[in-house]
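Here is a brisk report on helix packing, strand pairing and aromatic contacts. Look at the sequence and the model first.

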Amino acid sequence: MPLQNRVTPSGDIIADPHRGLFTGNRGIIHDPAKRALLKKRWSNPAWLVCLCEFRGRRREVMGGRSWTELFFLDEATAFAAGHRPCFYCRRDDANRFRAAWEQGNGVSSRLARDIDALLHRERLDGGKKRLHPLPVPIEKLPDGAMVQVGATYFLILQGMALQWSMAGYRKAGEPIEKAMLLTPPSTLRAMAAGYRPVLHPSATG
């Protein structure tokens, strides 16, 4: 049975056999003896997107009293859920993200904790995922943005919508209407300023 550690664009953590391209964490939110999630879904405002393997090391998933390994289809999914690149295992990407985030949000000299503080306000509404109105029409959203219609998630790429699943993307069957923005607005502005999240191969295949 797969562990409950796969993350959807809305930030929910579910059990699914598809692992995806990235791991990451929100602190310690599991019981290592049972290899099962606790009731809380985060213990730290630093929600990270990490490499699945770093310097030849792989972690034992939910095997110890350390951060809880979560998995994402791709970086766009992680961003939609409210995560940002890790400054330890993805330093170059994290620095590029910070530079674009500062440019897009009209600020400078921000530390990781400053970004985390704003993201934490943007990604949660109480204990639930915060949805945002679209700042521009869907076709003008930057590549990598994600939106939600009902219970369905869509990736925006070159002005077109691709339907998300844990296994990958497929073309949306019909034009989407009444969409809400999943990607936190400050992250969206970083994308508009030039940061391009890593996408699952199914998005361009």
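Which residue is the bridge partner of Ile156 in β13? The partner is Ala161.

This is a predicted model, in which local features need pLDDT of at least 70 and side-chain atom pairs count only at pLDDT 80 or more, while totals for chains, interfaces and linings use all residues. Residues are numbered from 1 along each chain as its sequence is written, and side-chain values use heavy atoms, without hydrogens and water.

**Strands and hairpins**

Helices (H or I, at least four residues) and strands (E, at least two) are DSSP runs, numbered from the N terminus. Two strands count as paired if DSSP finds at least two bridges between them. Strands of a sheet pair through backbone hydrogen bonds, either parallel or antiparallel.

An open sheet holds five strands in the order β14-β13-β12-β11-β15. Its pairing is antiparallel. β14 (168-171) and β15 (180-181) stand at the edges with a single partner strand each, so one side of each has no neighbour in the sheet.

Take β12 (residues 152-157) and β13 (residues 160-165). Four bridges pair them in the antiparallel sense. Leu155 faces Leu162 in β13. The two strands form a hairpin with two residues between them. In that turn, Gln158 has a positive phi of about 55 degrees.

β13 also pairs with β14, antiparallel and over four bridges. Here Leu162 stands opposite Lys171 in β14. A hairpin of two residues links β13 to β14.

Another hairpin is built from β1 (residues 4-7) and β2 (residues 13-15). These strands run antiparallel and are joined by three bridges. Val7 has Ile13 in β2 as its bridge partner. Five residues lie between the strands, and Gly11 takes a positive phi near 90 degrees.

**Helix packing**

Axes are lines fitted to C-alpha atoms, for helices over the stretch in contact, and angles run from 0 to 180 degrees between N-to-C directions.

| Helix pair | Axis separation | Angle |
|---|---|---|
| α2 and α3 | within 11 Å | roughly 60 degrees |
| α2 and α4 | 7 Å | about 100 degrees |
| α3 and α4 | 8 Å | about 115 degrees |

Angles under 35 degrees count as roughly parallel, over 145 as roughly antiparallel, 65 to 115 as roughly perpendicular and the rest as oblique. Contact means heavy atoms within 4.5 Å.

Start with α2 (residues 91-105) and α3 (residues 112-123), whose axes cross at roughly 60 degrees. That makes α2 oblique to α3. Phe97, Arg98 and Trp101 of α2 touch Ala112, Ile115 and Leu118 of α3. The contact has five nonpolar residues, no polar ones and one charged.

α2 and α4 pack at about 100 degrees. They are therefore roughly perpendicular to each other. α2 supplies Phe97, Ala100, Trp101, Gly104 and Asn105, and α4 supplies Ser186, Thr187, Arg189 and Ala190. By class, these are four nonpolar, four polar and one charged.

In the contact of α3 with α4, Leu118, Leu119 and Glu122 meet Pro185, Ser186, Thr187 and Arg189. Three of these residues are nonpolar, two polar and two charged.

**Aromatic pairs**

A pair of aromatic rings is described by the distance of the centres and the angle of the planes. Rings of Phe, Tyr and Trp (its six-membered ring) pair if their centres lie within 6.5 Å; planes under 30 degrees apart count as stacked, over 60 as edge-to-face and the rest as tilted. The count comes to five aromatic pairs.

Phe79 and Tyr195 have ring centres 5.8 Å apart and planes at 45 degrees, so this pair is tilted. Phe79 lies in α1 (residues 75-81) and Tyr195 in the segment after α4 (185-192), so the pair ties together parts 116 residues apart in sequence.

Methods
Ala, Val, Leu, Ile, Met, Phe, Trp, Tyr, Cys and Pro count as nonpolar, Asp, Glu, Lys and Arg as charged, and the others, Gly among them, as polar.
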